[in-house]
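Dear colleague,

I am passing the structure below on to you, together with notes on what turned up when its contacts were examined. Please read the notes with the coordinates open beside them.

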Amino acid sequence: MSAVALDLGSTRIKLALLGDDGALGTVHSLDAPPIAAADATRREFDADDYRRRAESLLRRAPAHARIGLASQRSTFVLWERASGRPVLPALSWQDRRAASWCAARPELAARIPAETGLLLSPHYAGPKLALLLGADPSLAERLQRGLIAFGTLESYLLWHWSGRAAHETDLTMAARTLLADPRAGGWSRELCRAFGVPLEALPSITPTSGRRTALENGSCVACSIADQAAGLVAMLPSDE
């Protein structure tokens, strides 16, 4: 079975074909959809356009390939479970619309580092979700009822590519939302409550590697990891 690496970047989407020995072969790439700057803080793009571009690259992969994903970490999508359509543009990791929300919560800012290892930052999904849900009660209600799903970028793509069977992510991605406890390896009920995010809307957290997520095209996702973590793995000695 052939192996393929798919890099879900902010400016470029890349697909690399790997040899039987793991050596890098042909690399194909496309521009990612442009990120719109609606104002000084908002950065968003068309999630469906991104999916179509990534799918056009996947068609270059051999049949029944094993796929490894690397994804931009804090970008996320909200979509309707019934139709699969995004309810909002994808919010880029660069988006800082929740800066004022974070600044107004010093108690939460003091608590977050000990629980997540990260700062309370508007770059992460938790604050942006809290801001969106607070501004739109109907969106919050639909999320609570399970009509809308949340996912980081690779989670949204996998949901579509698996025929809506797989709503999942890995811990390297989940940890960048501020909704997960990296020590426990799962979503934190307390953090989800702090940001007003229902657990029912979140993807399951599955292992980074050793996965067998079946896709409709006959391939499977064998591993999925955040881009920065993927870079660290690439720097490890080959015997590790």
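This is a predicted model: local features need pLDDT of at least 70, side-chain atom pairs count only at pLDDT 80 or more; totals for chains, interfaces and linings use all residues.

Residues are numbered from 1 along each chain as its sequence is written, and side-chain values use heavy atoms, with hydrogens and water left out.

Salt bridges

E55 and R51 are joined by a salt bridge, with 3.2 Å between the closest N and O atoms; the term stands for a side-chain nitrogen of Lys or Arg within 4 Å of a carboxyl oxygen of Asp or Glu. R51 counts as buried because its relative accessibility is 15%, where buried means under 20% relative accessible area, exposed over 50% and partly exposed in between, computed with a 1.4 Å probe on protein chains only. The structure holds 14 salt bridges, and a second one links the side chains of R42 and D39 at 3.6 Å, N to O. Both partners are partly exposed, R42 with a relative accessible area of 31% and D39 with one of 37%.

In helix α3 (residues 106–116), E115 and R111 are separated by about one helical turn, because they are four residues apart, and their side chains meet in a salt bridge at 2.5 Å, N to O. E115 has 22% relative accessibility and so counts as partly exposed, and R111 is likewise partly exposed, with a relative accessible area of 30%.

Two serines in loops

S162 is found in the loop between α6 (153–161) and β9 (168–169), and its 8% relative accessibility makes it buried. A polar atom of its side chain lies 3.3 Å from the backbone oxygen of W159, and the side chain of S162 also reaches the backbone nitrogen of A166 at 2.9 Å; polar contacts of this kind are pairs of N or O atoms within 3.5 Å, where within protein one atom must be able to donate a hydrogen and the other to accept it, and residues adjacent in sequence count only if both atoms are side-chain atoms. Not counting residues up to four places away in sequence, S162 touches A214, L215 and E216, contact meaning heavy atoms within 4.5 Å.

S188 sits in the loop between β11 (186–187) and α8 (189–195) and is buried, with a relative accessible area of 9%. Its side chain reaches the backbone nitrogen of L191 at 3.1 Å, and, leaving aside neighbours within four places in sequence, S188 is in contact with L179, A180 and D181.

Nonpolar cores

The largest nonpolar core has 31 residues, of which F76, L78, W101, L120, L179 and F195 touch the most other members; such a core is a set of buried Ala, Val, Leu, Ile, Met, Phe, Trp, Tyr and Cys residues joined through side-chain atoms within 4.5 Å. Two or more residues of this core come from each of β6 (76–80), α2 (99–103), α3, α4 (125–135), α5, β8 (148–152) and α8, and the largest share, five residues, is given by α4. Beyond its neighbours within four places in sequence, L120 has contacts that include W101, L108, I112, P127 and F195. Apart from this core lies another, of 28 residues, among them L6, L15, L69 and L158.

Two further residues

L57 lies in helix α1 (residues 47–58) and is buried at 2% relative accessibility. Its contacts, leaving aside neighbours within four places in sequence, are I13, K14, L15, H28, S29 and L30, whereas the C-alpha atoms of L57 and W79, 22 residues apart along the chain, are separated by 23 Å. A140, in helix α5 (residues 137–144), is partly exposed, with a relative accessible area of 25%; A140 and V197 are 57 residues apart in sequence and 8.2 Å apart in space, C-alpha to C-alpha.

With kind regards
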